[in-house]
Amino acid sequence: MQARIVLLPGDGIGPEVVAQAQRVLDRVAAKFGHQFEFSTHAIGGCAIDEFGDPLPEQSLTACRAADAILLGAVGGPKWDDPNAKTRPEVGLLKIRKELGLFANLRPIQVLPQMAAASPLKQEIVAGTDILFFRELTGGLYFGKSGKETTAEGETAWNTMIYSTHEIERIVRMAGQAARGRRKKVTSVDKANVLEVSRLWRRVFERVMKDEFPDVEFENVLVDAMAMHLIARPTKFDVVVTENLFGDILTDEGSMLPGSMGLLPSASLGSSGPGLYEPIHGSAPDIAGQGIANPLATILASAMLLRHSLKLEAEAKAVEAAVDAVLSAGHRTKDLAAGGVSVTTAQMGDLVLAALN
Ligand code: NAD
């Protein structure tokens, strides 16, 4: 296969972790006989410094023409001035919008060898393997909003709005993903109170019954889900939900494995390239020290192989290599609990060796 991959390293530790993921992708290409062509472009704070724009036109043009995009992270104290003309995060929001990336996928796995790192009891979290689908371009964050001042004081409002089409397309993605997993989809809503959730539930049930008769499905109210996620996380396979609920639940879920340094994510649209990134930020406190954990970005590259390039065996090989390195006891500083640790580049070396 020939594929064009755009790298957007960004700020802070972004370039350090993306460099390791690129080495892994290069090794996958060599091992499995593919050709990956990489080009690197600016996003975030470094793009503001160089071009005065957190997502310069040339970066966007390259992304549109790519098969997939691998992003590090953006932001840092240098660009935090609230009076600044623009901010690094504007680049992230813009790329998602411009590429129509409406589905955010977040796998949350607690590998048995990492269960001790969780803030929850090992017997509750061990074996957790959830794939979240969060709707990313609709709902409360994009509905009409406003504010007014009356004699009684200030009022402000936001509206949560979804169309049948927006619900159908993300439910279909979740159903398809479930087919390749344990064949169960949980939809999270607040149908006992919200009209928009009642529509969400009707559409979800129709799509699942008509198009995925082989996949089991259930509805869970968002307040109950917040409890189940920490009490019974192993009960869930694929979870699909709207933007606001997904924002909150995926952050809650990201605490199950105990370290952000291990969690990847993907943002996908109906067509065009997907965007893959670690869920952590630019970690300015450790940037430049060579100690950042590259595994979340390496696992994001495995998602890129799976979802954009349809290279399932290659994706599994990368995940197995990460698994093997962790099982052998290797840890970067964030996971070492004060014990012996390896550097960012050494962790990359270990994954490459395991891939062989
Ligand atoms: P952060 O995720 O960057 O860091 C939180 C803590 O986790 C820090 O102590 C950091 O050292 C540690 N950490 C994060 N990733 C790590 C890794 N791979 N290896 C080892 N340790 C790691 O969150 P923050 O400190 O709240 O934000 C820093 C900057 O990143 C801010 O400017 C924020 O806006 C930005 N940010 C960007 C994204 C993104 O690009 N998608 C996401 C979140 C935050």
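Analyst: In this predicted model, Phe133 is in contact, once its neighbours within four places in sequence are left aside, with Asn104, Leu105, Ile170, Met173, Ala174, Ala177, Val238, Val239, Val240 and Thr241. Phe133 also belongs to the largest nonpolar core, which has 85 residues, and together with Phe36, Leu70, Val185, Tyr276 and Leu305 it touches the most other members. The helix that gives the most to this core is α10, residues 295-307, with eight residues. Because domain 1 (1-111 + 260-356) and domain 2 (129-255) both contribute residues, the core lies between them. Another core, of 16 residues, lies apart from it and includes Leu8, Ala62, Ile95 and Leu101.

Asp237 is buried, with a relative accessible area of 1%, and its side chain makes a polar contact of 2.7 Å with the side chain of Arg181. Residues up to four places away in sequence not being counted, Asp237 touches Asp129, Ile130, Leu131, Ala178, Arg181, Arg182, Lys183 and Lys184.

As for the cysteines, the count of disulfides comes to zero. The sulfur of Cys46 has its closest cysteine sulfur in Cys63, at 13 Å, and is therefore too far away for a bond, given that a disulfide requires the two sulfur atoms to be within 2.5 Å. Cys46 counts as partly exposed at 28% relative accessibility, whereas Cys63 counts as buried at 0%.

Key:
Residues are numbered from 1 along each chain as its sequence is written. This is a predicted model: local features need pLDDT of at least 70, side-chain atom pairs count only at pLDDT 80 or more; totals for chains, interfaces and linings use all residues. Side-chain values use heavy atoms; hydrogens and water are left out. Buried means under 20% relative accessible area, exposed over 50%, partly exposed in between (1.4 Å probe, protein chains only). A polar contact is a pair of N or O atoms within 3.5 Å; within protein, one must be able to donate a hydrogen and the other to accept it, and residues adjacent in sequence count only if both atoms are side-chain atoms. Contact means heavy atoms within 4.5 Å. A nonpolar core is a set of buried Ala, Val, Leu, Ile, Met, Phe, Trp, Tyr and Cys residues joined through side-chain atoms within 4.5 Å. Helices (H or I, at least four residues) and strands (E, at least two) are DSSP runs, numbered from the N terminus. Domain bounds come from an automatic or database domain assignment.
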